[in-house]
Amino acid sequence: MVRQIRLNAFFMNCVVHQSPGLWRHPRDRTQDYTDISYWVDLARTLERGRFDALFLADVLGVYDVYCGGAEAALRGAVQVPVNDPVLLVPVLAYATRHLGFGVTSILSYDQPYAFARRMSTLDHLTKGRVGWNVVTGYLDSAARAAGRSRQDGHDLRYEIADDYMEAVYKLWEGSWEDGAVIRDREAGVFADPARVHRIRHEGRHFQLDGYHLSEPSPQRTPVLFQAGSSPRGRAFAARHAECVFIAGNSTAEIRRLVGEIRERAAAAGRDPQAITVFLSAVCVPGRTRGEAQDKLADYRRYGSVEGSLVLQSGWQGVDFAAAPLDTPIAALGRGSVEAHDRSDRPPDRRTIRELGEAATLGGGAPLLTGSAADVADEMQRWVEEADIDGFNLTSVVAPESYVDFVDIVVPELQRRGVHKQDYRAGTLREKLGGEARLPPSHPGARHRAG
Ligand SMILES: Cc1cc2nc3c(=O)[nH]c(=O)nc-3n(C[C@H](O)[C@H](O)[C@H](O)COP(=O)(O)O)c2cc1C
């Protein structure tokens with residue numbers, strides 16, 4: 001059977017997500033991010049193209065590592081201003097029938113009890129189409145804004161996140177038994193108190209004693225996404241993630257990472273093939289190869305090297321303004337914060353300028369460009385060679401990047417039988433090939449009551 005390619009749009013509730021400078025392009029509409037109709041149009045475009053989900057990134061804090069301040073980020077709208085992604089979801093669910101929503105929510109500044117209810121509410125309102133991208137944040141500026149001097153260390157953040165997950169699993173899976181909600185009008189009993197359990201969690205980092213406030217939602221635990229690639233991040237993914245989001249440009253390297261995540265998941269008693277791996281990518285397609293080349297050349301004129309270095313400085317915890325642009329990156333040493341995608345990589349031989357230039361379109365993600373056939377070939381090559389399941393497609397000019405992809409590339413993928421003609425019924429987890437609820441081998445399912 002031909003392997004189906006999974007597709008998410010990788011986007012953010014802000015002006016510049018991964019393509020700094022491109023907001024200046026005359027056709028770019030990202031400045032409309034405060035307008036709900038812009039989001040509804042985008043969601044409907046994605047559903048027309050049978051995307052699995054709109055994956056909404058989020059960050060707390062500002063990118064103030066570059067030049068030791070937030071000025072460059074503010075000047076270039078680099079992930080600031082940024083609005084809350086969660087609040088978009090109910091409206092977009094109302095405007096669509098099948099599209100899923102992968103919402104990034106940073107657990108470091110949000111207690112499990114209130115957060116669990118927020119996700120259950122979203123799961124109800126979307127009829128089970130919600131996913132959660134579990135992140136702990138990577139900017140010290142967020143910690144300072146929350147009254148701390150700096151964020152916890154890298155591995156400690158994952159340890160805290162493990163404890164957080166146990167607490168929310170208990171609330172989602174263990175508080176209300178199936179069948180606890182009776183709705184018996186005659187007897188005047190809405191819920192059977194004997195089947196609603198008080199959750200007690202005594203973790204190292206979180207303690208709670210209370211009932212989950214929401215009645216059971218279609219998926220209970222939302223579909224879990226995770227995007228860490230360090231050794232500790234991979235261990236976390238192997239335990240919790242149902243969808244793993246990965247970044248990088250080398251097929252061999254990605255294959256190695258994917259292999260390790262699947263192996264670790266198998267060692268933890270989970271089905272390794274049930275983990276859906278998405279690669280971050282950016283696509284500039286054309287009706288012909290020449291049209292794609294012209295479009296790409298036009299886009300490149302708007303890229304901002306400074307904006308790109310603002311992002312890289314924040315991700316890697318290294319101030320790339322601290323040395324002249326022609327300095328090799330290796331000369332700067334590694335920062336205290338692990339990089340997005342280079343945790344285990346050898347020091348980069350490129351100069352700062354080259355790093356900045358390479359990352360202006362789609363944050364340096366693999367570029368899929370050319371005719372529909374070229375792009376489809378490249379996508380199929382990645383899937384086969386790197387053992388990934390699909391792509392989180394970031395945009396260059398929005399919503400143009402998604403409209404082009406849907407109009408130009410999707411028909412070719414469908415013709416090849418590697419992209420669905422229609423959606424499966426059911427929740428996001430079912431649409432991704434699973435059951436409505438967590439599989440029994442998932443650690444969250446152990447907390448099921450009744
Ligand atoms: C493709 C990709 C997308 C990410 N998106 C977000 C995000 O939206 N918000 C966030 O706080 N962290 C995001 N992260 C950061 C990760 O959650 C993680 O903190 C980071 O990769 C460092 O973890 P690691 O050292 O285990 O790789 C993303 C990482 C990758 C690779």
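I call a residue buried under 20% relative accessible area, exposed over 50% and partly exposed in between, with a 1.4 Å probe and protein chains only. This is a predicted model, in which local features need pLDDT of at least 70, side-chain atom pairs count only at pLDDT 80 or more, and totals for chains, interfaces and linings use all residues. Residues are numbered from 1 along each chain as its sequence is written, and side-chain values use heavy atoms, with hydrogens and water left out.

Entry: loop residue. I found Ser395 in the loop between strand 13 (390-394) and helix 13 (400-415); helices (H or I, at least four residues) and strands (E, at least two) are DSSP runs numbered from the N terminus. Ser395 has a relative accessible area of 8%, so Ser395 is buried. Leaving aside neighbours within four places in sequence, I list Phe10, Phe11, Ser19, Ser401 and Tyr402 in contact with Ser395 (heavy atoms within 4.5 Å).

Entry: helix pair. Helix 8 (residues 251-267) packs against helix 12 (residues 372-386) at about 50°, with axes 8 Å apart. Axes are lines fitted to C-alpha atoms, for helices over the stretch in contact, and angles run from 0 to 180 degrees between N-to-C directions. From helix 8, Thr251, Ile254, Arg255 and Val258 make the contact; from helix 12, Arg381, Trp382, Glu384, Glu385 and Ala386 do. I sorted the residues of this contact into four nonpolar, one polar and four charged. Ala, Val, Leu, Ile, Met, Phe, Trp, Tyr, Cys and Pro count as nonpolar, Asp, Glu, Lys and Arg as charged, and the others, Gly among them, as polar.
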